[in-house]
Amino acid sequence: MYSCTPHFVSLKLPDLFAPQILSSFGSCKRDIRVFAMSSNLKEASNYIPPAPIFLPEGPWKQIPGGVTAAEGFKAAGIYGGLRAKGEKPDLALVTCDVDAISAGAFTTNVVAAAPVIYCKNALDISKTARAVLINAGQANAATGDAGYQDVIECVDTVAKLLKMRLTEVMIESTGVIGQRIKKDALLNSLPKLVNSLSSSIEGADSAAVAITTTDLVSKSVAIESEVGGRYIRVGGMAKGSGMIHPNMATMLGVVTTDALVNSDVWRKMVQVAVNRSFNQITVDGDTSTNDTVIALASGLSGSSRISSINSNEAVQLQACLDAVMQGLAKSIAWDGEGATCLIEVSVTGADNEAGAAKIARSVASSSLNIAGVIGSYPWYTRFSMSLFYSAMPCDENQIVCCLSAISFHFSAKILSGKRSAAAPRIESASRIRGVHIFIIVIDDGIGNSQGWSLPIQTKYSKFGFEFAD
């Protein structure tokens with residue numbers, strides 16, 4: 001029989017400033033380390049604290065620096081007057097000293113925001129990029145030709161200030177849909193933003209704060225690992241708290257690395273990592289118009305060039321990229337509007353990764369399962385239903401599950417007493433804003449995946465209508 005143990009971690013927002021590694025906890029198949037890295041930038045941390053980062057266990061080590069940890073990158077975040085209220089930084093810029101191999105992943109919403117349309121076109125034209133401009137306050141979605149022209153003017157100004165080609169500058173926007181960018185405020189702030197660029201931890205932290213909207217915490221992480229006998233770094237930042245649902249979730253992200261990799265390999269890697277991370281989180285079933293992840297590879301680590309997706313070096317770099325994006329994705333879900341805890345669904349033993357991913361999404365996004373967590377009283381039969389309506393082939397007699405550290409086999413009689421035993425464990429995880437792990441072993445196949453969600457409650461509605469103002 002498959003055995004499980006509870007996995008909770010206590011995370012209190014005021015404590016997140018402590019520069020320490022929080023308690024680690026193990027899962028039945030792997031260990032996950034939870035880190036909270038302090039921000040050295042007092043100005044940024046005065047607004048919101050950094051998020052806990054849930055990194056998968058691996059050969060890497062977490063390092064400070066976020067998007068500036070990799071060689072060749074600078075970042076900055078300033079207040080430019082774009083937000084409806086308050087003076088939290090709202091304008092960020094990430095740059096690379098050299099032509100970086102570029103890749104992107106975007107919303108699947110048929111109505112894409114002007115920045116999304118622009119970035120897709122730019123990536124089609126050029127294999128490299130050197131800058132990513134991000135504004136918070138206005139989404140610049142559903143704004144027509146005028147909104148697209150705003151994008152062009154903003155990008156053109158950045159390109160001239162940095163002496164780059166237009167297509168080397170990417171742009172991301174987040175905020176209220178239907179509102180154009182406060183263009184005058186943005187353009188007037190760009191010289192200060194460019195002059196603030198820094199390769200320091202402070203630069204990365206300020207940028208991570210500047211891209212947030214309803215986020216209660218900023219999301220930034222970096223790791224160092226050996227690829228092909230040489231140490232490389234991968235870092236990233238993201239924002240997201242509501243309108244979270246595959247594909248992508250309502251989120252913006254920038255990922256950087258100093259690995260040397262061919263364009264076609266890098267773009268495949270980024271899409272795989274996005275599918276394993278941001279495309280596996282859900283909060284409220286809404287998919288935004290602005291979802292964007294831009295990933296840049298400077299190649300300045302001195303590592304050997306990765307020219308084949310099937311090489312050992314590519315496998316190593318893919319694992320690093322997966323780890324960073326999954327860490328950011330889980331922080332987004334943990335920070336969901338009105339959330340009380342993070343729900344992780346881990347699926348192993350499926351026929352393939354795609355099948356495991358579909359099952360994980362199905363179980364994680366089930367409203368009945370989420371209701372069971374909110375009420376601290378899971379119904380195993382409802383859990384079973386959400387597993388099977390994923391429509392993935394499986395033999396119910398082979399499936400073993402672990403809910404709230406209570407194991408059961410589908411072929412055995414499900415006793416109501418198990419729900420009672422699970423209740424205090426779920427309640428404990430919610431009380432400490434912890435992580436609640438559901439584990440599903442389908443069979444002995446090679447397919448593994450995870451999905452993440454959270455129990456939103458009445459606070460979610462308050463977040464939604466207040467932000468619309």
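Which residues of α2 are buried? They are A114, P115, V116, Y118, C119, A122 and L123. Buried means under 20% relative accessible area, exposed over 50%, and partly exposed in between, with a 1.4 Å probe and protein chains only.

This is a predicted model, where local features need pLDDT of at least 70, side-chain atom pairs count only at pLDDT 80 or more, and totals for chains, interfaces and linings use all residues. Residues are numbered from 1 along each chain as its sequence is written, and side-chain values use heavy atoms, without hydrogens and water.

**Overall build.** The chain has 12 helices and 18 strands. Helices (H or I, at least four residues) and strands (E, at least two) are DSSP runs, numbered from the N terminus. Of the 469 residues, 61% are buried.

In α7, 18 of the 23 residues are buried. The cover over the buried residues of α2 includes β7, α3, β9, α6 and β13.

**The cores.** A nonpolar core is a set of buried Ala, Val, Leu, Ile, Met, Phe, Trp, Tyr and Cys residues joined through side-chain atoms within 4.5 Å. The largest has 54 residues, and L93, L133 and M237 have the most contacts inside it. Strand β7 (residues 91-106) gives the most to this core, with 7 residues. A second, separate core of 51 residues includes V221, V255, A295 and A333.

Contact means heavy atoms within 4.5 Å. Beyond its neighbours within four places in sequence, M237 touches residues including V67, I134, L252 and L328.
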